[in-house]
Amino acid sequence: MTKVQNLTINGSGNYSGGQYDKISIRGDATLVSDVECSAFHIYGTSEALENVKTRSVKVFGEAEVKGNMEAEEMLIMGTMAVGGRAALKKMKILGTLEVGDSLTGDEANIKGTIAVGGDVEYETFESSGGFEIKGLLNADKINISLRFGESFAEEIGGGLITVKKKSNTFLPFGKEKGKLTAKVIEGDIIYLENTKAEIVRGKKVKIGEGCQIGTVEYTTELTCSEKSTIKTKTKR
C-alpha cells in the first residue's frame, strides 16, 4: 500500500489537490482541485477551489473552500468560509464560520459567530455567540445563551428549546443585551427570553422576560412573564 504524503506549505503559491495524510498551511496557498486528508490545519491563509474532505480541521488563520466541506471534527479560532454544503459532525466555533448552503452534523458549539445560507441540522446545538440562519435551525436539543448582538433564524424546530439572556461581563453594567428573532419556533418544551417571534408552537411553553410573541399555540401548558407580550394564545 502506498504511503500517503504530508503537505506542508510555508510559502505562497498554487498546489494540486489529491490525497494527503496531513495538510499544514502557514503561508498563503491555493489548492486547485479536490482534497482528501486526515488533518487540515490552517495557520496562514488558504483557498481551496473545489471540495475538501477531512477528519480534523483546525483554522487559526483564514480559510475558504469554494465547494463542499466534510469533516469529523472542526475547531475554528480564525475565519472560515464554505461556498457550498458543510457536513461537520462535531464543530466548535470560537471565530467565524460562513456557509453558503446547508450545515449538518451531530454536535455544534458556537462561541463565535456563524452565518448560514440554508438549513442547519444537528442533534445538539449550543450557542453563546451569534448566528444568522436563513433557513431552518433544527436540533433535538437547542440551548441558546444571548450575550450580545442579534441572532436570527427563519425557523427553529426541536425537542427541547431553551433561550436565555446572559450578562456580558466584557461590557460595563451589561448595557447591551442579546436578542433572538425568528418567524416560527416549534418544539416540545420551549423556554424563551429576549425573543421576538411571529409564532411559537409547542406542548409546554414558558415565555420569560423580554419577549414579543405574535401567536402562541400550546397543547398542555403556557406561562408568560409580565415583562413580555403575547398577542394571541391558542390551546390546541
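## Glu73 in strand β10

Glu73 sits in strand β10, which spans residues 69–76. The model is predicted. Relative accessible area for Glu73 is 41%. That value falls between the 20% limit for buried and the 50% limit for exposed, so Glu73 is partly exposed.

What does Glu73 touch, leaving out residues up to four places away in sequence? The contacts are Arg55, Ser56, Val57 and Lys90.

Which residues make the nonpolar surface patch of about 350 Å²? They are Tyr43, Phe60, Met77 and Leu94.

Tyr43 belongs to a loop. On one side is β6 (35–42), and on the other is β7 (45–48). Is Tyr43 buried or partly exposed? Its relative accessibility is 35%, so Tyr43 counts as partly exposed. Patch residues need over 30% relative accessible area, and Tyr43 has 35%.

Asn194 lies in the loop that joins β20 (179–192) and β21 (195–207). Most residues other than glycine have a negative phi.

Asn194 is also buried, because its relative accessible area is 9% and the limit for buried is under 20%.

Note on methods. Residues numbered from 1 in each chain as written. Predicted model: local features only at pLDDT ≥ 70, side-chain atom pairs only at ≥ 80, totals over all residues. Heavy atoms only, no water. Patch = residues over 30% accessible without salt bridge, like charges linked within 9 Å, V, L, I, M, F, W, Y side chains within 5 Å. Areas by Shrake-Rupley, 256 points an atom, 1.4 Å probe, with all protein chains shown as cover. Salt bridge = Lys/Arg side-chain N within 4 Å of Asp/Glu carboxyl O. Helix = DSSP H or I, 4+ residues; strand = E, 2+ residues; numbered from the N terminus. Buried < 20%, exposed > 50% of the residue type's maximum accessible area, 1.4 Å probe, protein only. Contact = heavy atoms within 4.5 Å.
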